[in-house]
Amino acid sequence: MTGAAAVKGGRAAAAEGNKSTRAAVATMYRLTAGHRSAVAVATALTLVGSALGLAQPLVAKRVVDASGHGQVIWPLLALLGALFVTEAATGAAGRFLLERMGEGVVRQLRHGLVGRLLRLEMREYERRRCGDLISRVTADTTLLREVVSQALVDLVTGSLVAAGAVVLMAWLDPLLLLLVSVTVAGATLVVASLLTGIRCASEQMQDSVGAIAAALERALGALPMVRVHRAEEREAAVIGARVEAAYGAGVRTAKLASVMSPAVELAVQGSFLIVLVVGGLRVNSRDGSLGDLVAFLLYASFLVLPLSSVFRAVGLIQRGMGAYRRIDEALRLPVEPTAPRSTGDRTHGRRPAVLSAPPTRPAPTQSALALHDVHFGYAPGRPVLRGVSFDVAHRQHVALVGRSGAGKSTVFALVARFYEPDAGHVLFDGRSATELTRAACRRRIAIVDQNTHIVHGTLRDNIGYAVPDATEAEIRRVTELARLEEVVDRLPGGLSAVIGERGSTLSGGERQRVALARALLARPALLLLDEPTSHLDAINESALTAVMKDVAQECALLVIAHRLSTVQHADHIIVLDDGRIAAGGHHEELLADSPLYRELAASQMLRPGGKPRSGGAGTAG
């Protein structure tokens with residue numbers, strides 16, 4: 001059973017926003033789905049131990065009375081010791097089962113959260129902070145572990161044990177029970193009045209802890225920038241503000257708990273004092289026996305201590321609801337669908353995509369990629385692409401050029417199906433992307449983008465990320481294609497060298513070549529390159545240009561480029577302007593026919609060898 005399924009049952013109790021203790025208990029209980037047998041056995045063991053504990057005062061009463069009459073008491077003492085040892089053993093076994101069950105619930109929740117977070121729609125990552133999402137997997141689930149492993153059973157067993165103690169106390173002395181009940185009732189009223197405040201403060205504290213994680217992740221993810229701009233103090237102040245918010249919420253929780261604890265302690269002490277004073281007076285007046293008083297005192301402890309655990313459990317459950325709310329919110333976030341999308345589906349909860357029938361598929365050969373009248377915007381009313389149409393044939397090299405913001409990277413995002421078009425079609429081998437699953441579409445492509453992604457691990461791990469079971473020969477092949485031999489020879493351990501967090505031991509150009517090798521290892525039908533030469537020197541840029549010619553013999557290439565060395569050898573160049581295709585053709589044709597292309601070629605947008613052009617458009621070729 002997944003963590004998402006475990007939490008799903010808990011939503012029914014909290015659906016109407018009922019913050020009562022009963023709804024909170026029901027929600028926490030439903031988290032134990034899949035572990036009910038362990039809960040039942042642990043509860044049974046705890047109740048058996050509690051029953052043995054309830055029997056001890058009766059045996060102690062017999063010991064006192066027998067001693068007063070000069071009778072033999074060692075069998076009773078042996079029985080008392082046996083009851084004590086057995087109670088301890090059953091309690092320990094029950095506690096172990098509960099702790100193991102709590103770890104199991106946390107494991108379910110973490111599996112469910114990790115699976116959900118890795119499959120969220122891309123828009124959700126834009127709306128939320130990664131550090132806050134991570135804290136829901138770590139800190140929030142840890143808090144819930146204590147709730148489901150201790151609080152729920154303490155609530156049940158404490159209530160039952162207290163009920164049993166009340167019955168036996170009523171049998172021994174109803175008057176003393178009435179006096180004890182008054183003090184306990186006062187403590188109950190105080191605790192009940194604090195529960196809502198504890199829950200609200202706990203929610204604020206968990207939110208603040210998530211904000212700390214998000215702010216710290218932000219700073220550590222851009223640490224070189226922070227250091228260069230001497231922003232350590234500013235970042236510390238930002239994170240410190242989140243720490244202060246968590247501190248304030250924690251202090252509010254502690255303040256409420258500090259009121260609750262003395263109320264419970266006063267109930268305990270008051271009950272004992274009342275029993276000692278009133279019971280002692282009654283023994284002196286011969287209205288009761290010393291054995292009855294001893295037994296009643298022991299039962300008073302059995303009443304007050306379980307009630308204390310019940311009060312603590314209720315407070316802990318209210319705190320756990322704050323963590324549960326954040327976990328449940330994460331498990332409700334929309335994920336990418338795994339099945340093909342029908343034409344009637346909505347796009348990301350916005351207006352329906354305008355999906356007419358896909359274009360007729362040509363029989364002999366299909367394009368590796370085709371876009372037909374594609375419209376798209378990241379937000380309603382703000383279009384980025386406006387009717388874009390083009391084809392990329394198998395083993396064809398197509399370049400996309402245009403000013404920043406023209407929509408080039410958005411084309412890549414749609415091809416990778418990070419987003420769905422608002423209208424029009426994206427086709428792979430003549431089949432509409434909506435007829436395929438996202439996994440089927442992504443198996444056809446590989447991407448090397450500007451923000452090179454390097455994960456912590458060895459160089460081999462990073463190159464082989466797309467194909468974990470790749471052979472050594474396959475890895476060596478793409479290493480040579482991407483011109484990484486020098487890097488492999490330089491690093492201690494070669495392919496087994498650990499390259500650090502985000503590839504910190506590699507240069508920008510080396511990271512880009514690692515990403516290129518990784519993409520080539522997948523042997524895609526379509527390779528998407530976003531500024532592949534942006535971090536390369538002139539020598540490696542020339543080498544990569546040769547690599548691209550070789551790769552174009554194996555798969556289709558769609559390249560976003562700002563350099564003439566990358567563009568001028570393309571089979572076809574597409575010029576994007578404000579989300580529309582302004583021109584298309586070969587390099588020389590565009591220089592002659594497209595004013596925008598000439599402008600780009602004459603400016604730094606298209607520059608030979610990565611250097612600005614000083615001459616006119618006529619020398620750009």
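Which residue forms a salt bridge with Asp132? The partner is Arg326, the closest N and O atoms being 3.2 Å apart. The views below show a predicted model, in which local features need pLDDT of at least 70 and side-chain atom pairs count only at pLDDT 80 or more, while totals for chains, interfaces and linings use all residues. Residues are numbered from 1 along each chain as its sequence is written, and side-chain values use heavy atoms, with hydrogens and water left out.

View 1. A salt bridge is a side-chain nitrogen of Lys or Arg within 4 Å of a carboxyl oxygen of Asp or Glu. Helices (H or I, at least four residues) and strands (E, at least two) are DSSP runs, numbered from the N terminus. Both residues are buried, where buried means under 20% relative accessible area, exposed over 50%, and partly exposed in between (1.4 Å probe, protein chains only).

**View 2. Arg403 forms a salt bridge with Glu599.** Their closest N and O atoms are 3.1 Å apart. Arg403 lies in the loop between β3 (397-402) and α11 (408-415), and Glu599 in helix α20 (residues 595-602), 196 residues apart. Arg403 is partly exposed at 34% relative accessibility, as is Glu599 at 43%.

**View 3. Four strands form an open antiparallel sheet in the order β2-β1-β4-β5.** The edge strands β2 (382-392) and β5 (431-432) each pair on one side only; two strands pair if DSSP finds at least two bridges between them. Eight antiparallel bridges connect β1 (residues 369-379) with β2. Ala370 stands opposite Asp391 in β2, and Val374 has Val388 as its bridge partner. Two residues separate the strands of this hairpin, in which Gly381 takes a positive phi near 80 degrees.

**View 4. Glu480, Glu485, Glu486 and Asp489 form a negative surface patch.** Patches are made of residues with over 30% relative accessible area and no salt bridge, like charges being joined within 9 Å and nonpolar side chains (Val, Leu, Ile, Met, Phe, Trp, Tyr) within 5 Å. Helix α15 (residues 485-490) contributes the largest share of the negative patch, three residues. Glu480 is located in helix α14 (residues 472-481) and is partly exposed, with a relative accessible area of 46%.

How values were computed. Areas by Shrake-Rupley, 256 points an atom, 1.4 Å probe, with all protein chains shown as cover. Lys, Arg positive; Asp, Glu negative; His and termini not counted. Charge placed at Lys NZ, Arg CZ, Asp CG, Glu CD.
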